[in-house]
Amino acid sequence: MERKWWHDKVAYQIYPKSFYDSNGDGIGDIPGIISKLDYLADLGIDILWLSPCYRSPLADQGYDISDYYDIDPRFGTMEDMERLIAEAKKRGICILMDLVVNHCSDEHEWFKRACEDPDGKYGKYFYLRDKKEGELPTNWRSYFGGPVWDDLPDTDKQYLHVFHKKQPDLNWENPEVREEVYKNINWWLDKGLGGFRIDAIINIKKALPMHDYEPDREDGLCSIHAMLQEAEGIGAFLGEMRDRTFKKYDAFSVGEVFNEKPEEVPDFIGDNGYFSSMFDFNEAIFGRSGKGWYDAAPITPDDYKKCCFAAQAKVKNVGFLSNIIENHDGSRGVSYYIPEGDCCDESKKMLAALNFLLRGLPFIYQGQELGMENVPFASIDEVDDISTLDEYKVALEAGLPPEEALKAVSKFSRDNARTPMQWTDGANAGFTTGTPWLKANPNYPSINAAAQVQDADSVYSFYKKLIALRKDPVYKETIVYGALEPVWEERHNLMAYYRKGERTLLVVGNYQREPQEIALPAMYKSVLLNNYKDIAQDKGTIRLQGYQVLVLEM
């Protein structure tokens, strides 16, 4: 594998709306991010990914872009963005932005012009079909529920949107659309951007000609995944985008990729892959059901272990996965992957180490380093997220009582990750002096950065030690490039693996509250990390405490 500048980095995702508000309007902003750069640099962050802050009506929280060349006034100005790029660079941090090019906003100039003249140039920027009374062009269901087709205003046409109706899909079959995308990417890279996280990119290739699929719910519609499974030829688009943009700048790109086949891994993240890396979603999608969130199976510690190891085995040494515990699109990882009732500092640190030391690029989502948890919802009226609202409706239609439906969707709600960053134990978690756009998790007095930065035994301090270990010249070669070999795979509620390179490290976590013993094959040289103060051992046998994790040099 060809070595790249970003292989030994640590990445951090910011959701700008909820990170830090500098002007008291209740919405996080770019000046707020700039004011926290020293916090991120001190933690050890090298790459900073910002969720969308382009101009947008925020129908889907910024993933509906009305101007790719401008910053939304809620978040600041273009001058603020340029200052962020420059200030981050001074601290050795490069900035990634979200690349959202499967769709734009219905308030984008292109779509407005398509409405004015659907048969003209801009009508060809979208998927338009003649409207037929009582009949849809296809029976595909959008990600947010309902048909993917809506009426094009003031015309006899309908347009395709696989997400929200305010997010019309761009027609990537049109070379003019692709040229516009590449022009915009290069414009940002010329500004000094380090690269992009690529959103929902698998959706750019549609199975043509479009047709119906077997309905999978009583609404007579089918999941959009039925079409995506049939779509072929996306590589031509992705390879062209790579060559025309990222490759020319040696920029970092990480893809939001689902459903890739094992044989396609080299195409996506090999030496000449479409992207530098792609996220591992194995754990996040485990147990999901076509019926809806209410029907999802819970993930157990053994399931989590199998998902991680399966992803590692699929990629091997072909390229780098980007490993995540959480992001802006779902639950807080500690509330999702740790059995209910067992969230504590020890279990949070265990999950951190098991994920962070996998082979690949570690991504931390804002607040993850504090062990932020899911928010309790007393009512569906407290929910902002459009996908949660749709899934609540799906659960009710399936016959769940309102209380059960709320509980079912609360576990997966994207609002869990979007509550304000918990900076202090002061009002609104120190996020804003105004009224926050989304209320803070009520546990912020006990979980906040101000307290944890000062506490050598906090979750934050443990993450800082993990980052320092990854960057330690003695161990960096092994942790970044060393092989990953699972061990004791069949042991219930135990996750363990070797990292083998210049050194041999053993990472082992007791994924339960009850203690359990392991017999080491050989004596260890040193303890590199331990989420407890000591180790209970008798010669070659170690008695792991509840949720104890150890990183041992063998």
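Predicted model: local features only at pLDDT ≥ 70, side-chain atom pairs only at ≥ 80, totals over all residues.
Modeller: Residues are numbered from 1 along each chain as its sequence is written, and side-chain values use heavy atoms, with hydrogens and water left out.

Colleague: How do you know that the radius of gyration of the protein chain agrees with a compact globule?

Modeller: The radius is taken over C-alpha atoms, and the globule rule is 2.2 Å times the number of residues to the power 0.38. For 554 residues the rule gives a value near 24 Å, and the protein chain has 24 Å, so the two agree. Along the principal axes, the C-alpha atoms fill a box of roughly 80 × 55 × 50 Å.

Colleague: Why is Asp-60 called buried?

Modeller: Buried means under 20% relative accessible area, exposed over 50%, and partly exposed in between, with a 1.4 Å probe and protein chains only. Asp-60 has 5%, so Asp-60 is buried. Of the 554 residues of the protein chain, 59% count as buried.

Colleague: Where does Asp-60 lie, and what does Asp-60 touch?

Modeller: Asp-60 is in the loop between strand E3 (54–55) and strand E4 (67–71). Helices (H or I, at least four residues) and strands (E, at least two) are DSSP runs, numbered from the N terminus. Contact means heavy atoms within 4.5 Å. Leaving aside residues up to four places away in sequence, Asp-60 touches Phe-144, Gln-167, Ile-386 and Arg-414.

Colleague: What makes the span of helix H15 close to the expected one?

Modeller: The expected span is 1.5 Å times one less than the number of residues. Helix H15 (residues 386–397) has 12 residues and reaches 17 Å from its first C-alpha to its last, close to the 16 Å expected. The buried residues of H15, including Tyr-392 and Val-394, pack against H16. Just after H15, Gly-399 takes a positive phi of about 105°.

Colleague: What makes a space a cavity or a pocket?

Modeller: On a 1 Å grid over the protein atoms alone, a cavity is a set of points where a 1.4 Å probe fits but cannot get out. A pocket is an open set with protein on both sides within 12 Å along at least five of seven lines, and lining residues have an atom within 4 Å of a point. Grid points are joined across faces, edges and corners, and a volume is the space filled by probe spheres set on the points.

Colleague: How many cavities does this rule give, and what lines the largest cavity?

Modeller: The count is 3 cavities of 30 Å³ or more. The largest cavity holds about 60 Å³, and its lining includes Glu-326, Lys-348 and Tyr-463. Elements giving two or more residues to this lining are H13, helix H14 (345–356) and helix H19 (459–471).

Colleague: How do you know how the lining of the largest cavity divides by class?

Modeller: Ala, Val, Leu, Ile, Met, Phe, Trp, Tyr, Cys and Pro count as nonpolar, Asp, Glu, Lys and Arg as charged, and the others, Gly among them, as polar. The lining of the largest cavity then has 6 nonpolar, 3 polar and 2 charged residues.

Colleague: Which residues are closest to the centre of the second largest pocket?

Modeller: That pocket has a volume of about 750 Å³. Of its 31 lining residues, Ser-335, Glu-340, Asn-374, Lys-407 and Lys-411 are closest to the centre. H16 gives the largest share of the lining, 5 residues.
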